[in-house]
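Please look over the sequence and the model before reading on.

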Amino acid sequence: MSIDVTGAYVYFVIPIFGGIPISQTTVSSFLVMVILCTAFILLGRNLQKRPGKRQVLVEKGVSMITDLTASAMGIHNVHWAPFMGCLFLCSICGSYIGLTGFFRSATADINCTAVWALMVSFIIWFNNIKHNGIGKFLKNYINPMNIISDVSQPLSMSFRHFSNVSVGGVISALIYAALSLLSSVILGLVASAGWLMGSALIIAGLLLFFLWARKTKKLLHKILAAVTFIIGFFGLLQSLHILSDVPIFTYGIPAVLSVYFDFFSGLIQALVFTLLSMVYIAGSLPGPEAAEAA
């Protein structure tokens with residue numbers, strides 16, 4: 001996931017309304033919007049009574065978000081399913097777009113998640129005013145705890161989502177840097193011992209594989225043999241001044257860590273943000289009994 005610890009880079013500023021900065025987050029968010037709108041148009045057209053595989057998958061996704069909305073908000077609030085589905089998809093796609101390596105994750109910018117959290121808060125305030133009246137709404141703020149609650153709600157939602165995505169990217173970057181340094185140190189030691197050390201490690205790696213790892217058929221043994229061979233091979237090339245400072249340990253290991261920090265964490269945070277939005281908005285909407293009584 002592409003994350004810059006210094007924040008989103010601003011490409012240019014539109015000189016209107018005091019200047020509108022177009023940053024990496026703006027570009028990523030706009031691209032996510034275009035992708036989702038295009039996908040909705042393509043997946044929603046030519047619907048048939050006898051659905052094909054594509055339509056079955058689309059209907060399954062719609063059913064899942066509808067059922068989740070009905071469970072969290074009540075069947076009387078199931079009409080919020082399209083909004084919640086859009087919020088979930090924007091969140092998960094905003095996180096995953098950083099996996100391309102070309103774009104910055106939109107959710108790694110506090111401005112993005114803060115706007116979503118404030119949008120949810122505005123919906124809650126609107127519903128409270130609509131169903132209880134402006135007088136009762138303002139009366140709640142006589143108690144300072146209600147003010148703290150309304151302020152902390154969007155703050156906690158936005159910082160939770162932002163911090164988990166951005167911190168995961170920072171940790172991945174630090175691990176990548178540490179593995180690059182480890183590669184440089186180990187290959188430097190092998191190269192400094194001369195070409196004989198590299199040749200010996202190559203032979204040792206081949207012997208480990210054919211005489212031991214191949215017979216035991218255990219993945220760990222094969223990895224050990226492969227690592228020994230690779231260190232010897234690149235150490236030999238470095239001792240012969242053919243190649244130098246090849247970050248051999250950065251291949252594969254960061255990808256495994258990325259499965260959690262980038263893929264799994266992005267999915268969980270999108271789901272948590274959507275569920276919290278459902279719960280908070282449902283709390284501002286009266287149930288069927290209250291609506292009939294009113």
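## Cysteines

How far is the sulfur of Cys86 from the closest cysteine sulfur, and in which residue is that sulfur? The closest one belongs to Cys90 and lies 4.0 Å away, which is too far for a bond, since a disulfide is defined as a pair of cysteine sulfur atoms within 2.5 Å. Cys112 is in no disulfide either, the nearest cysteine sulfur being that of Cys90 at 8.4 Å. By this rule the count is zero disulfides.

Cys86 is partly exposed, with a relative accessible area of 36%, while Cys112 is buried at 10%. Here buried means under 20% relative accessible area, exposed means over 50%, and partly exposed lies in between (1.4 Å probe, protein chains only).

## Basis of the model

The model is predicted: local features need pLDDT of at least 70, side-chain atom pairs count only at pLDDT 80 or more, and totals for chains, interfaces and linings use all residues. Residues are numbered from 1 along each chain as its sequence is written, and side-chain values use heavy atoms, with hydrogens and water left out.

## Overall architecture

The chain has 10 helices and two strands; these are DSSP runs numbered from the N terminus, with helices (H or I) of at least four residues and strands (E) of at least two.

Along the principal axes, the C-alpha atoms fill a box of roughly 90 × 55 × 40 Å. Buried residues account for 32% of the 294 residues.

## The largest nonpolar core

The largest nonpolar core has 11 residues, among them Ile65, Trp80, Val120, Met278 and Ala282. Such a core is a set of buried Ala, Val, Leu, Ile, Met, Phe, Trp, Tyr and Cys residues joined through side-chain atoms within 4.5 Å. Helix 2 (53–73), helix 4 (110–132) and helix 9 (253–283) each supply at least two residues of this core.

Leaving aside residues up to four places away in sequence, Ala282 touches Ala72, Met73 and Asn77, where contact means heavy atoms within 4.5 Å.

## Gly94

Gly94 is placed in helix 3 (residues 81–96). At 1% relative accessibility, this glycine counts as buried. Its contacts, not counting residues up to four places away in sequence, are Val32, Leu89, Ser105, Ala106 and Thr107. The C-alpha atoms of Gly94 and Ser29 are separated by 6.6 Å, although the two residues are 65 residues apart along the chain.

Buried residues of helix 8 include His221, Ala225, Ile231 and Leu237. The buried residues of this helix pack against helix 6 (144–192) and helix 7 (195–216).

His241 is found in the loop between helix 8 and helix 9. His241 has a positive phi of about 60 degrees although it is not a glycine. At 73% relative accessibility, His241 counts as exposed.
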